[in-house]
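Please consider the sequence and the model shown here before reading on.

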Amino acid sequence: MSAATLLALQDVHAYYGNIRALKGVSLTVGRGEIVTLIGGNGAGKTTTLRTVIGLVRALRGTVTFADQRIDRVPTHRIARLGIAQSPEGRRIFAPMTVRENLELGAFSRADREAIPQDLERVLGLFPRLRDRLAQKGGTLSGGEQQMLAMGRALMAKPDMLLLDEPSMGLSPILVETIFDIIRNINQLGTTILLVEQNARMALRVAHRGYVIQTGRIVLEDAASALLRSDVVRKAYLGEK
Amino acid sequence: MSDAGAARRLPAVLLVAALLAYPFVDRWLQAQTVHAVTDAMIYVLLALGLNIVVGYAGMLDLGYAAFFAIGAYTMGLLNSPVLGSPLYGHTWSFWVIIWIAAAVSALLGVVIGAPTLRVRGDYLAIITLAFGEIIPVAIRNLGDITIDIGGWKPIERLNLTGGENGVNPVGRPHLPFVHFETDFIPWYFLILVIGALSLWAMNRMRDSRLGRAWMAIREDETAADCTGVNPIKTKLLAFGLGASFSGFAGSFYAAKLQAITPGAFEFNVSIMLLCMIVLGGMGSLKGVILGGMLITLFDRILLAQLTFLVRALGRSLGVPMLAAVDLTLWRWFFFGLGLVVIMLIRPEGLMGRRVRPPAADVDEREETRALIAAPPRPRADALPAWLRAASAPGARPVGAPPALEVRGLTRRFGGLVAVSDADLVIPAGGIVGLIGPNGAGKTTFFNLVTGLLRPDRGEIRLDGASLVGLRPHAIVARGIARTFQSIRLFQNMSVLDNVLVGEHCRLHASVAGAVFRPPAVMAEEARARARSRDLLAFVGLGDKAAETAKNLAYGDQRRLEIARALATEPRLLLLDEPTAGMNPRETDALTELIGLLRHELGLAVLLIEHHMEVVMGISDRITVLDYGTRIAEGTPAEIRRDPKVIEAYLGKGYEQELVAT
C-alpha cells in the first residue's frame, strides 16, 4: 500500500439483508483523488459505501482509512475520523432550515470557532444555498437539496467525501453544475469516492474508476481508459 | 380423490376431530378447562375482527374493546329484564340478537370510522383511544337517566345500561334438546361454530377484491388511491366489518357470563387484543388464533396452575414468600416481557409472513443475464387481447376532443406558486414530454391532473369531460393511470396481486360476493387473474407472478408499476421519470414499450423525464415548465434549439454532447 493511499478496501465480503452484496471487493482511493465506482442497480455500489462508513459490517476483509483499520469502528466514530457521506436520496432534515442543516454537519467537530469560516467556504461552493439559508430544507428543489446534502457533508471538514448518486433525478443543466462542484471540492483538497449511475459524467470527472458487477470488481483503470473501453461503452454508456 | 389429496387433508381432519373431542376428554380427565377455553375463543374472535382493521387495512385501532362492549350491551338491552329498555319484552331470541348486535357494532364502526378516516397513523390511534375511553364512561352513566324540562319529565330514572352495577341476568339461547346452563360444553360448541363461520368469511374476504384493496391501503394509501381503490370506502368497510365480529363476540360473551359489567371493556382489553395480533403475526389468521389462544390460556390456566405449583414448592421448602405468591397479579409483567422477547426474536410475530429475498445465486444469475443479454423486448403480439379490446383504437370519431386538455392550471402553496396558468394538450394517441428544472412544478402538475391536489384555478378535461374536483380513484376510473417518480408498489404483496389491485376499479364483487362467491364473482375473479397474468407476460414478468414485489430487481419493479397502471385500462398514461435509475439497455426497452403502447392501443402518454435521449426520441411535442410557468412548447427539434430552454434546463453542455455523440 503506497503512502498516498487514504482509503483501502481489501477483499471485503458483506451481506445486505440476506443478499450477499459484496463478494471480495478490493479498491483503493489515493489522497487527493476522485475515484468513481460505477455499476448497475444492485451491483453493490451503495453497499460498498455503507461498508466504509460502518452501516454495513464486512464479514471478511478489511477497510483501512489513513492507515487505521475502521471495519470494526462504530459509524459515529468513523465520521469523526474524517469521512463524510452525502447519501443517496439526499436525506436532508426537511423541517429544519438550510442553515441548521449545514450547522448539523459540523456537529461532531471540536474546533467550533472555525465553523463560521467553513460555512462561508461551503456557501462559496454552493451560492444558491446562500439565498435560502433561512428556508426550510423540505421546501428546496431537488437540485438544491442535493447541494444541501453535499454542503452538510462538507461542513464536517472531511478528508474524504463519499457521494452516492449525486446526479439522480436532476435536470441536465443541474447535473453539469453538480459535477463542476464535485471537481471544485476535489481541487480544494478533499478526496472523493463517487458512486454513480451516470457513468459518462462520473468517468469524465474522476481520475480512476472501478466497475462493480454483482458484488465483484470486474474492471479497474484510469477513468479516461474506462471511457474508451468496449465493455463500459456497451454496458454502461448505452452505445451500440 | 388421490392419496396425496387425502394426505393434505389429514391435518385439517385431525384438527376438527381434536376440537370436537376436546370437551369430552376434558370432562373425562376432570381438567375443567372448557370454561377458560370458551372464553379464550371469544377473545380470539375479537382479535380476528381487530385484525381486519389493524392487520389487513393497517389502521392502528386502540379502542376496539368499545365494539365488544356495544355487542354485549346490545344483548343486554334486548334480552335482560333488569334494564328499562323500551325494546325489552318482545322475547327477542338470542339467535336474532347476535345478528342485531353485529349490525349495530358494524354501524357504529362506520359512524366512528367516518370522521377518523382523513387522519392517519398516530392521529387515528389517538382518536380510537378516545373512543375506547368514551364508551365505558357512557355505559357507566347511562344507568339512571332523567330528563327534566321544567318539571316535565319525558324520561324518568331510565336504566339503559345498568350503570356501574352492570346487567344481570341476561337471557340465554334456546335450542331443543340442548341446555345452555352451567355446563360449558354447549357454549363451547356454539362459539366454535360462530368462530369457524367467522374465520371462513374472513378467509374469503382476504382473498378477494376487497381483501386486496385493504392490503393495498395498508401498503401505500396514495398509490392505492391512484390505482383506483377508493380509500374512504375501503377503510370504512374495514372498520364496519371488523366491528361486526366483535358484535358476535360481545353478545355471546354477555349471554354466556349471564352478566355484563362496564369493567370488562376497558382500555387494557383493547391492548390485550392488539398484543394477540402482534404476537401471532399481523394479518395472519392462523397467527392471530395462536396469539389469542396463547395469551388467554396463559392468563386463565397456566398462571393459576403455576401459582399453585410455586406455592406448593414454597411450602415444602419452607419459604413463606413463595408459599403466598400470586402469579396472576403479575400477568401484565409476563405479557410485557413475552412481547418484548418475541419482538426481538421474531418481529413479524409467531406466524407472520417473513418476506425472504430470493436465494443469492438465483439473484446473481439474473443480474448477470440482465447485464449481458438485453432485457426482454416488448412484443406487440404479446399485448393482451383484452387490453386491445378495452382501448379499441379507431373507435374515436373525427373531431373528438383531445385526450387531455389542461387550461390555465394554477396551484399555490402558501406564497409559492407551484404551477401558474399552465396549458397543455395531448391529442388522442399522442405522446407529450413534460420537462423542466427540478422544482419547476412537473410533479405538482401530475398531482393536479391525477386529483391528489386540487387546482386553485384552471380546467382539466379528459376526452372533453372535466376532472376538477374528482378524487384520485374516480379519475383512475375515468381512464388516467400513473406511475411514480420513486417507485410506489404494494411492496409486501405479490407481483400478481399488485396488478390485480390495478383491476380493482373494473371489478364489481361486493362484500357478500366476496364471502359467498356466486358464479358471477368466481368468473370475474378468474378473468381478472387471467388478465393480470397476460399483462405480466407482456411486460416480461410472467415467471415472477408469485414473487413478493419488493424482492424484484429495480428494472422489474418499474415494469411492474407500468403493468399495474395498464391494468386500470387507461386512456391516458402519466409516467413520472420512468427510466430514472435504469441502465441504458433497460431504458431502451422501456422507450420501446411506451412507443408500442401508443401505436397498438392508441394510448395517450404524458411523460416527465430527465433522460433527454428518451424524451426527445419519443415525444411528439414537449412542454417545458420553469417556476411553474410554461416557457416553451413545441416539437423536440424546436425545444432543443430554444434559447430559453437551453438557459433554464438543458445547459450549454447539452449541445456539445449532441455534437460529440
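The questions and answers below concern this predicted model.

Q: What share of the residues of chain A counts as buried?
A: A residue is taken as buried if 20 or more other C-beta atoms lie within 10 Å of its own. Among the 240 residues of chain A, the share that counts as buried is 50%.

Q: At what angle do the axes of helix H3 and helix H6 of chain A cross?
A: Helix H3 of chain A covers residues 98–105, and helix H6 of chain A covers residues 142–154. H3(A) passes H6(A) in a right-handed crossing. Their axes come within 6 Å and cross at roughly 35°.

Q: How many residues of the contact of H3(A) with H6(A) are nonpolar?
A: From H3(A), the contact includes Val98(A), Leu102(A) and Leu104(A), and from H6(A) it includes Leu148(A) and Ala153(A). Beside 3 polar residues and 1 charged residue, the number of nonpolar residues is 5.

Q: How many helices and strands are there in chain B?
A: Chain B has 661 residues, of which 46% are buried. Its C-alpha trace spans about 95 × 75 × 55 Å along the principal axes. The secondary structure of chain B consists of 26 helices and 12 strands.

Technical notes: Residues numbered from 1 in each chain as written. Chains lettered and ligands numbered in written order. Predicted model: local features only at pLDDT ≥ 70, side-chain atom pairs only at ≥ 80, totals over all residues. Axes fitted to C-alpha atoms, helices over the stretch in contact; angles between N-to-C directions. Helix = DSSP H or I, 4+ residues; strand = E, 2+ residues; numbered from the N terminus. Left-handed = near helix turned anticlockwise from the far one by under 90°. Contact = placed C-beta atoms within 7 Å. Nonpolar A, V, L, I, M, F, W, Y, C, P; charged D, E, K, R; others polar. Buried ≥ 20, exposed ≤ 12 C-beta atoms within 10 Å, placed from the backbone.
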